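Subject: Structure handover

Hi,

Here is the structure I promised to pass on. Please open it first, then read the notes below it.

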Amino acid sequence: MYNIKKSLVVFINYYGMKKDFYVFRHGETEYNRLGLRQGQGINVGLNEKGFHQAEELARLLDDTGIEVVYSSPLVRAIETAEKVAQRLSVPIKILAELTEGSFGDAEGLHRDIVHQRWPDVFAHWYNPIDMVDCGFPNGETKFEIQKRMLSAMEIMLQAPEKTIAVSSHGTALRCLLMRILYKGDKLPNAKAIHLVWEDGLWLLS
């Protein structure tokens, strides 16, 4: 079980400050379509459907007031960020902490094979509270991914922009949401979630 005494990142309590974050997973890749685990070790771009998804995402983010797009350094996230940034005429900033989790030996394998080889890890991987120290062999644990993603959010909280888009990855974002909202739902490709930081609290808008 999660040990609440274990330190992740201590957010500065910016009381009186509000920031809006539109966080989203990248558009579809061929690995997604085929049901293969990607992770940070597999750096592929979007497929045709993924580009269309990114374009639709960009359209839906019109009139949000986004001032900048922070992106993972992986190609699939950058290509998604570019569609949003181009439509909204805002800059892109690469943030290494937003990269996908490392799945170690599970990277490149079909999800069914992953389930068969590591059933114990798979059983806890999507639980928002239980077993944060679990991870695939030679990969990151959920706790390590959470710590890195919380560091990314801390960096963006200290940035001057008040409304920020974040282009990242399914597992990285899910681990973040597990920590700040205790929700472990699987995230669809190129669908934005609106998070609000206000007076030291994270809220789902």
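How many aromatic pairs does a search of the whole structure find? The answer is seven. Please keep in mind that this is a predicted model.

**Aromatic pairs**

Start with F103 and F136. Their ring centres are 6.5 Å apart and their planes stand at 75°, so the pair is edge-to-face. The cut-off for that label is an angle over 60 degrees. F103 sits in the loop between strand 3 (92-94) and helix 4 (111-117). F136 sits in the loop between helix 5 (119-125) and helix 6 (142-157). The two are 33 residues apart in sequence, so the contact ties together separate parts of the chain.

Buried or exposed? F103 is buried, at a relative accessible area of 3%. F136 is buried too, at 2%.

F136 also pairs with W118. That pair is edge-to-face, with 5.9 Å from centre to centre and 75° between the planes. W118 belongs to the loop between helix 4 and helix 5, while F136 belongs to the loop between helix 5 and helix 6. This pair links distant parts of the chain, 18 residues apart. Both W118 and F136 are buried.

Which residues make up the cluster around these rings? F103, W118, W125 and F136 form one aromatic cluster. The charged end of R37 sits over the F103 ring, 4.4 Å from the ring centre.

**Salt bridges**

The count comes to eight salt bridges. Here are three of them, in sequence order.

E28 and K49 form one, with the closest N and O atoms 3.8 Å apart. E28 lies in the loop between strand 1 (18-25) and helix 1 (30-34), and K49 lies in helix 2 (residues 48-60). The partners are 21 residues apart in sequence, so the bridge ties together separate parts of the chain. E28 counts as buried at 10% relative accessibility. K49 is partly exposed at 48%.

R59 and E56 form another, and their closest N and O atoms are 2.5 Å apart. Both are in helix 2, three residues apart, so about one helical turn separates them. R59 is partly exposed, with a relative accessible area of 41%. E56 is also partly exposed, at 33%.

K93 and E161 bridge with their closest N and O atoms 3.2 Å apart. K93 is in strand 3, and E161 is in the loop between helix 6 and strand 4 (163-168). That links distant parts of the chain, 68 residues apart. K93 is partly exposed at 33% relative accessible area. E161 is buried at 11%.

**A hairpin**

How do strand 5 and strand 6 run? They run antiparallel. Strand 5 covers residues 192-198, strand 6 covers residues 201-204, and four bridges join them. E198 has L201 as its bridge partner in strand 6. The hairpin has two residues between the strands. In this hairpin, D199 takes a positive phi near 55°.

**Where to look**

For the aromatic part, centre the view on the cluster of F103, W118, W125 and F136. Bring in R37, whose charged end sits over the F103 ring. For the salt bridges, go to E28 with K49, R59 with E56, and K93 with E161.

Best wishes

How values were computed. Residues numbered from 1 in each chain as written. Predicted model: local features only at pLDDT ≥ 70, side-chain atom pairs only at ≥ 80, totals over all residues. Heavy atoms only, no water. Phe/Tyr/Trp six-rings, centres within 6.5 Å; stacked < 30°, edge-to-face > 60°. Buried < 20%, exposed > 50% of the residue type's maximum accessible area, 1.4 Å probe, protein only. Lys NZ or Arg CZ within 6 Å of the ring centre and 35° of its normal. Pairing = 2+ DSSP bridges. Salt bridge = Lys/Arg side-chain N within 4 Å of Asp/Glu carboxyl O.
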